[in-house]
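Please keep the structure open beside them and look up each residue as it comes.

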Amino acid sequence: MNSRDTEHIIAELNTHNNYTQTTDPKDADLIIINTCSVREKPVAKLFSELGQFNKIKKTGAKIGVCGCTASHLGDEIIKRASYVDFVVGARNISKISKAVETKGSVEIDINHDETNYDFSEFRSSLYKANINISLGCDKQCTFCIVPATRGDEISIPAEIILNEARKSAASGMKEIFLLGQNVNNYGKYFSSDTEKYDFTKLLQEISKIDGIERIRFTSPHPLHMDDAFIEEFATNPKICKSIHVPLQSGSTKILKDMKRGYTKEWFLKVCDKIKAKVPNVRISTDIIVAFPGETDQDFRDTLDVVNQVKFDQIFNFKYSPRPNTPAANLEQIDSELGTSRLNELIELHKTHQDYHMDKLVGQIHKVYFEDLKPNGEIMGFSDNGMQVFVDGSEELLGQIVDVKITQNTRTSVKGVVIK
Ligand code: SAH
C-alpha cells in the first residue's frame with residue numbers, strides 16, 4: 001500500500017509540479033519520506049533519516065513527510081524537525097501538489113475521501129500494476145494503529161478499478177495486484193452512488209479483461225473468507241494461488257482480546273477449506289507474539305496453529321505498543337520473553353519452510369519474470385507466489401514461461417527455463 005501511495009505521490013508531482021525523479025538525494029530539489037507507523041521502530045527511524053537528509057540536501061531543497069506517521073504525528077513533526085516543509089498524511093495524497101508549494105502545510109484529515117480522485121499515472125514496474133481497491137479499515141483490532149492513520153473503510157468504485165486494470169493491460173502489464181486493508185470486505189461501504197460489487201464479483205470482472213493473466217491481492221481478512229470467495233479463488237485460473245491469511249495469534253483468548261472476530265478453530269477451518277480446494281496453494285500469515293496477557297499456553301496455541309497449517313511464509317512481529325490503541329494501556333509482557341518467543345517461532349517456521357521448499361525441487365512452475373538482478377540473474381514469481389531465479393537473457397522480462405526448479409535457497413528457489 002505504501003508503495004502504491006509513493007507511486008501516486010510521484011505521479012502527482014510529475015504531472016502538476018514538473019518534478020522528475022533523481023537517484024541521488026544530494027541532487028534533489030525535493031525529498032519526501034513516505035512512512036509507516038504500524039510499529040514503533042519506523043517512527044523512530046523517521047527522525048534520524050530526516051536529520052541525515054537535512055545535512056546532505058542542496059541549499060533551498062524542500063523536505064516533506066508523507067504516510068501514516070505523518071497522519072499520526074501531524075504538526076509535531078515540524079515542531080521536532082523545523083526544517084520539514086510539509087506533512088501530508090495517508091489518503092491525503094491528492095493534496096500533495098498544493099502542499100509542496102505551501103511552507104508549513106499539514107494535511108492529515110484521516111477521513112478525507114479520495115475514492116473518486118483521478119490520480120495521475122506513474123508505475124514503477126513495467127510488468128505488474130498495483131491497484132488500490134479501498135481506503136482505510138473498518139476493524140478495531142486493539143493492537144493496531146491503522147484505523148487511526150488511514151481512517152474509515154471506503155471502497156473505490158469498481159468502474160475506476162476496472163479502468164485502471166484495462167489501462168495497465170493495454171500497456172502490456174500481465175499482472176494486477178489489488179490492495180486494501182481488508183480486500184475481501186470490498187463493496188461494503190461506498191461514498192458515492194455506484195454499482196455495488198462485492199470482492200468476488202470484482203475478481204470476476206477483472207479476470208474478463210484481455211491481457212491480464214494474473215491477479216493477486218493483499219490483504220484479505222480471515223473473517224471475510226466466505227465460501228463464494230474461496231470457490232472463486234480456487235476455480236478462477238487467473239487468480240494466483242497464493243493467499244495471505246493473517247492469524248495474529250493462535251489463542252482464542254488472545255484473539256478475543258485483540259478483537260479479531262474469529263477463534264483458533266475457525267481460523268484452522270478456513271485454512272483447511274482453502275487447502276482442500278487448492279492443492280498447490282501457498283499460505284502466508286502475520287503473527288504477533290507477546291501481545292499483553294499472552295501466557296505460555298497462549299503462545300503454545302500459536303505454535304500449534306503454525307504446526308497444523310505449516311505456513312509457507314510468516315511475517316513475525318513482536319508486539320509494539322502503539323499510541324491511542326486499547327492494548328497499549330494493558331500490562332506489557334517482558335521484552336526478553338517476547339524476543340525468545342519470536343525466536344522460537346522463527347526456528348519452528350524454518351523447518352516448515354524447508355519442508356515446503358524441498359518438495360519443489362524437480363517441479364515445473366509457470367514464472368512471470370520481472371527483474372534483472374545485478375549478478376545477471378533474472379527474477380520472477382511462480383503463480384503460487386514463490387520467488388524464482390534463473391540464469392537467462394533479458395528477453396525473459398515480461399514473459400511467463402515454464403521453469404523447472406533445481407535448488408531450494410530457503411526463501412526463494414533457483415531453476416532453469418524449459419520453455
Ligand atoms: N489489515 C491487516 C493488517 C495490516 S498491518 C489485518 O488486519 O490483518 C500489518 C501487520 O502488522 C499486521 O497484520 C500485524 O501482524 C502487524 N502489526 C500491526 N500492529 C502491530 C503492533 N502494534 N505490534 C506488532 N505488530 C503489529
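1. E164 and R123 form a salt bridge (a side-chain nitrogen of Lys or Arg within 4 Å of a carboxyl oxygen of Asp or Glu), and their closest N and O atoms are 2.6 Å apart. The pair links distant parts of the chain, since E164 belongs to helix α7 (residues 158–170) while R123 sits in the loop between β4 (105–107) and β5 (128–132), 41 residues apart. Helices (H or I, at least four residues) and strands (E, at least two) are DSSP runs, numbered from the N terminus.

2. A word on the basis of these notes: this is a predicted model, in which local features need pLDDT of at least 70 and side-chain atom pairs count only at pLDDT 80 or more, whereas totals for chains, interfaces and linings use all residues. Residues are numbered from 1 along each chain as its sequence is written, and side-chain values use heavy atoms, with hydrogens and water left out.

3. A second salt bridge joins the side chains of E377 and K414, at 3.6 Å from N to O. This pair also links distant parts of the chain, with E377 in strand β14 (residues 377–382) and K414 in strand β17, 37 residues apart. E377 counts as buried because its relative accessibility is 13%, whereas K414, at 31%, counts as partly exposed. Salt bridges that share partners also join R4, E7, R123 and E164 into one network.

4. Turning to the ligand, 15 residues surround it, and the closest are F143, Q181, Q248, D286 and S320; a residue is counted here if one of its heavy atoms lies within 4 Å of the ligand. A polar side-chain atom of D286 lies 2.5 Å from an oxygen atom of the ligand, while a polar side-chain atom of Q181 lies 2.8 Å from a ligand nitrogen atom. From S320, a backbone N or O atom lies 2.7 Å from a nitrogen atom of the ligand.

5. Which strands supply at least two residues each to the shell around the ligand? They are β11 (282–289) and β12 (313–318).

Definitions and conventions:
A polar contact is a pair of N or O atoms within 3.5 Å; within protein, one must be able to donate a hydrogen and the other to accept it, and residues adjacent in sequence count only if both atoms are side-chain atoms. Buried means under 20% relative accessible area, exposed over 50%, partly exposed in between (1.4 Å probe, protein chains only).
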